[in-house]
Amino acid sequence: SHRCGDDDQQRDDVSRVYISVDPDSAIKGNPSLAGRCLRAGSMQHAAACMVAERILTSFIDQESFQPLSQNQFDEVGDLLNPRQTVVYLQHGVLHADLSHYIPYDRRAIDFAVVSTTLEEETMPAKYNYPQQSLIPCGMPRFDRLTSGRQERRILFAPSWRKYLTPIDNSGKEPEKWRDDQ
């Protein structure tokens, strides 16, 4: 919830509620969240989940976004908004084998946001996600860097994703990344 600055500024007809393990801290960092930032696992969180039409979550475990036990869920599941969809905001490039953790048939999600071609290929092939359940978005956090302006910049963006970096094992910069071309 402390990272929702851009989303919180949207002017549309969407009623937004944010969930945090520390709502007081989140509200202190972003006072506009007052009254809309709920404690994770609270009754208010459960109530908000019951009526939500869309749940966007960066955590795939159902108990992270649906704070009801399985018994409670079985008792009140019919009260859920029938149009509710859960969107998993896959927040990292898949770099490890998670076949025991994120298979589509073991998760209560409807859609998954993917940021790379690798994810778009891996999610159906390895984790059984239907192609129509994937939402390819690229890496929007870099949009401002490529907004069409032609100016020189220095970008320091370390990554643990070696296959996304332009430097090969020799440490030499590939020709396509050289500035003098």
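**Contacts, strands and salt bridges**

The side chain of Asn30 makes a polar contact with the side chain of Ser32 at 2.7 Å, a polar contact being a pair of N or O atoms within 3.5 Å in which, within protein, one atom must be able to donate a hydrogen and the other to accept it, while residues adjacent in sequence count only if both atoms are side-chain atoms. The structure is a predicted model, in which local features need a pLDDT of at least 70 and side-chain atom pairs count only at pLDDT 80 or more, whereas totals for chains, interfaces and linings use all residues. Residues are numbered from 1 along each chain as its sequence is written, and side-chain values use heavy atoms, with hydrogens and water left out.

Asn30 is found in the loop between helix H2 (23-29) and strand E2 (37-39), where helices (H or I, at least four residues) and strands (E, at least two) are DSSP runs numbered from the N terminus. Asn30 counts as buried because its relative accessibility is 15%; buried means under 20% relative accessible area, exposed means over 50%, and partly exposed lies in between, as computed with a 1.4 Å probe on protein chains only.

Ser20, in strand E1 (residues 18-20), is likewise buried, at 11% relative accessibility.

His45 lies in helix H3 (residues 43-51) and is buried, with a relative accessible area of 2%. Leaving aside residues up to four places away in sequence, His45 touches Ile19, Leu38, Arg39, Ala40, Ser64, Phe65 and Pro67, contact meaning heavy atoms within 4.5 Å.

Strand E4 (residues 85-89) runs parallel to strand E5 (residues 111-114) and is joined to it by three bridges, and Tyr88 stands opposite Ala112 in E5; two strands are said to pair if DSSP finds at least two bridges between them. E5 also pairs in the parallel sense with strand E6 (residues 134-136), over three bridges, and here Val113 stands opposite Ile135 in E6. From E5 the chain crosses to E6 through helix H6 (residues 117-127), in a β-α-β crossover that is right-handed, a term used if, with the strands pointing away from the viewer, the path from the first strand over the helix to the second runs clockwise.

A search of the whole structure finds three salt bridges, each being a side-chain nitrogen of Lys or Arg within 4 Å of a carboxyl oxygen of Asp or Glu. Glu53, Arg54 and Arg83 are linked in a network of such bridges: Glu53 meets Arg54 at 3.6 Å, N to O, and Glu53 meets Arg83 at 3.2 Å, N to O. The pair of Glu53, in the loop between H3 and strand E3 (54-57), and Arg83, in the loop between helix H5 (70-76) and E4, links distant parts of the chain, 30 residues apart. Arg83 counts as exposed at 56% relative accessibility.

Asp61 and Arg107 form a salt bridge of 3.2 Å, N to O. Asp61 lies in the loop between E3 and helix H4 (62-65) and Arg107 in the loop between E4 and E5, so this pair ties together parts that are 46 residues apart in sequence.

As for confidence, the protein chain averages a pLDDT of 76, and 69% of the residues score at least 70, pLDDT being the predictor's confidence in each residue, from 0 to 100.
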